[in-house]
Amino acid sequence: MNFKYVIIGGSAGGIGAVEAIRENDKAGSLAVISEEPTPQYSRPMISEYLGDGVKLEEIVYRSLQFWEEHAVNILAGRRVVKLDASMKEIILDDGIEIGFEKLLIATGGKPIIPKIEGTDNIEIYTFTTLADAKLLLEKLPNAEHIVVVGGGLIGVSLAEALAKLRKKVTIIELKDRILSLILDADGSALVAEAIERAGVRMITGHSATRILGKDYSDSEVREVVLDDGTELACDLVVFAVGVSPRIEMIDLAYIKVNRGIVVDRFMATSAPDIYACGDVAEAHDFTCGDSRALPLWPLAYIGGRVAGSNMAGLKAEYPGGTQMNALNYFGLPVITVGIVNPPVDSGFEVLTNLRRESRTYRKIVLQNGIITGMILVGKIDGAGIIFDLLKNKVNVKEFKNNILSEDFGLLHLSEPLRRDLLGRN
Amino acid sequence: MNAPDGGSVLKRIYAREEYCIGCRLCEVHCVTQHSQSKDIVKAHRRGFSAPSRVRVQEQGPLSFAVQCRHCREPACVYSCLSGAMSKDPLTGRVIHDANRCLGCWTCVMVCPVGAIVPDVKTRKITSKCDLCEGLEIPACVQNCPNRSLVFQEAPL
């Protein structure tokens with residue numbers, strides 16, 4: 001089998017590429033290989049699937065006829081075992097060889113399981129795919145207390161879903177606070193309060209060192225033991241300590257890999273006609289100016305669009321991304337972008353406005369008058385205006401103090417900037 | 001040149017700030033038009049009304065109304081986690097499907113003009129200008145007493 005375009009991965013990055021390819025080339029043969037046998041769906045919505053009883057039809061990312069509508073040969077439930085970059089060919093798990101003219105690697109990330117005692121033989125769970133959510137739903141009727149290892153984005157969203165199902169939940173976080181990568185101490189504290197109010201217990205500053213099984217069973221968990229010896233009896237343990245790029249099928253002789261696959265501003269890898277995007281790739285970060293792995297859904301989609309345009313013969317440049325997250329855990333709106341924990345005495349200017357009683361917080365981090373990071377908690381209206389100033393590296397010296405006000409808006413910008421945005425089309 | 005907004009050239013709402021008197025009638029008529037009753041009194045009953053999708057900003061003599069720009073490269077569509085936000089390939093309108101909205105606020109984070117409104121009171125989802133689907137001229141434009149808001153193809 002041969003196709004003009006082959007995409008490995010049918011999630012955000014793959015779908016972005018399909019849409020961009022079809023906007024520019026209606027007829028070129030196109031195949032997508034997706035490991036998941038299900039229809040495409042929104043991975044961030046698996047917590048709604050788990051916690052709110054939302055059905056699969058309601059968490060699809062595009063219409064159920066998406067592949068047909070875009071003339072895609074979808075190979076679902078199949079895995080790529082080998083990629084031969086020099087022969088421009090991939091091999092599937094059933095031995096079928098597929099040749100390509102242009103290839104996109106959008107294989108995503110796989111959950112990291114720390115190597116600690118017990119993870120080899122005892123059933124442990126992760127939470128990144130629909131299959132993970134389904135498996136948890138199956139196990140939950142017999143589980144009262146669930147230990148979630150990891151207090152990052154996935155851990156907290158899982159804890160929220162489990163709390164909605166009235167389960168007893170404990171989050172174990174190695175750092176001294178939850179969401180430490182994307183929030184500062186004050187921001188973390190506000191989210192932690194919301195989590196506590198929902199009845200979820202958090203143990204920070206500790207790690208799980210052993211998982212012990214029940215006496216009569218090799219595979220069922222009895223308790224999690226922490227580094228200080230604390231024993232937490234539980235019925236399920238879920239690991240949410242991050243994802244690592246899925247590069248096992250990559251031929252390292254042809255494709256340069258750092259932590260993820262290294263791509264340029266056109267999402268091209270070091271091998272000709274092979275592109276990569278999403279959690280598997282290391283792409284441009286407009287805050288640090290360097291390339292880094294940022295496992296975020298919107299960036300996977302945007303990177304996929306750029307790759308798809310270039311595969312179809314256009315010249316599209318990736319605008320870059322950064323650590324950027326909007327959260328709504330337990331009803332508390334939070335937006336956090338860029339460098340929010342600048343090193344002390346490093347020339348960064350930090351402006352903050354914390355109001356504990358109303359549970360609102362604003363923080364702006366600047367360097368030479370340019371915003372490099374922001375946190376908004378509680379009141380998030382107009383956040384995108386600040387995000388756009390950050391992304392476009394606009395000097396905000398003249399109006400920087402207005403940004404700390406909840407009423408900050410376009411009218412605080414300079415007239416040319418304001419007119420440009422208001423007249424945008 | 002291909003029409004970048006789809007088959008036809010999209011008409012957009014433009015705010016002429018020098019004509020805006022800050023009366024906020026655009027907000028009143030937006031809420032009314034998007035209410036179930038379409039009745040100006042019923043639509044504004046306390047606690048029942050969703051926020052206006054057009055918002056007037058005002059400081060001293062300066063005021064203007066802000067609503068979705070229906071961008072050619074819509075950051076909200078590209079960033080939407082659930083797929084609720086889409087750009088109609090035929091009309092060029094950026095459409096928000098409330099039933100598929102997750103209320104994650106990602107679109108609020110990336111909208112460069114701050115035109116997406118987090119509706120925390122009624123449904124915990126976002127809300128934005130739909131150019132008044134079904135009306136020839138959007139309600140805010142129609143009811144702007146000083147013709148500060150105009151609905152046209154060409155930018156100002």
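Predicted model: local features only at pLDDT ≥ 70, side-chain atom pairs only at ≥ 80, totals over all residues.
Guide: The radius of gyration here is taken over C-alpha atoms, and the globule rule is 2.2 Å times the number of residues to the power 0.38.

Visitor: Why does the radius of gyration of chain B agree with that of a compact globule?

Guide: With 156 residues, the rule gives a value near 15 Å. Chain B has 15 Å, so the two agree. Its C-alpha atoms fill a box of roughly 40 × 35 × 30 Å along the principal axes.

Visitor: What share of chain B counts as buried?

Guide: Of its 156 residues, 49% count as buried. The test is 20 or more other C-beta atoms within 10 Å of the residue's own.

Visitor: What share of the contacts in chain B joins residues 24 or more positions apart?

Guide: Such pairs make up 58% of the contacts with a separation of 6 or more. A contact needs C-beta atoms within 7 Å.

Visitor: Which helices and strands make up chain B, and in what pattern?

Guide: Chain B has four helices and eight strands. Along the sequence they run β-α-β-β-α-β-β-α-β-β-α-β.

Visitor: How do you know what confidence the predictor has in chain B?

Guide: The pLDDT of chain B averages 91, on a scale from 0 to 100. At least 70 is reached by 93% of the residues. Confidence is lowest in strand β7 of chain B (residues 125-127), with a mean of 86. It is highest in helix α4 of chain B (residues 139-142), at 98. For the model, ipTM is 0.95 and pTM is 0.96.

Visitor: What makes up the contact between chain A and chain B?

Guide: Chain A gives 33 residues and chain B gives 31. On the chain A side, α7 (297-311), β20 (324-329), β21 (332-338), α8 (383-391) and α9 (415-422) each supply at least two residues. That side of chain A divides into 20 nonpolar, seven polar and six charged residues.

Visitor: Which domains does chain A have?

Guide: Domain 1 covers 2-110 + 244-311, domain 2 covers 113-238, and domain 3 covers 333-422.

Visitor: How many residues do domain 2 and domain 3 of chain A bring to their contact?

Guide: The centres of these two domains of chain A are 33 Å apart, taken over C-alpha atoms. Domain 2 of chain A brings seven residues to the contact, and domain 3 of chain A brings ten. The domain 2 side splits into four nonpolar, one polar and two charged residues.

Terms used: Residues numbered from 1 in each chain as written. Chains lettered and ligands numbered in written order. Domains from an automatic or database assignment. Contact = placed C-beta atoms within 7 Å. Nonpolar A, V, L, I, M, F, W, Y, C, P; charged D, E, K, R; others polar. Buried ≥ 20, exposed ≤ 12 C-beta atoms within 10 Å, placed from the backbone.
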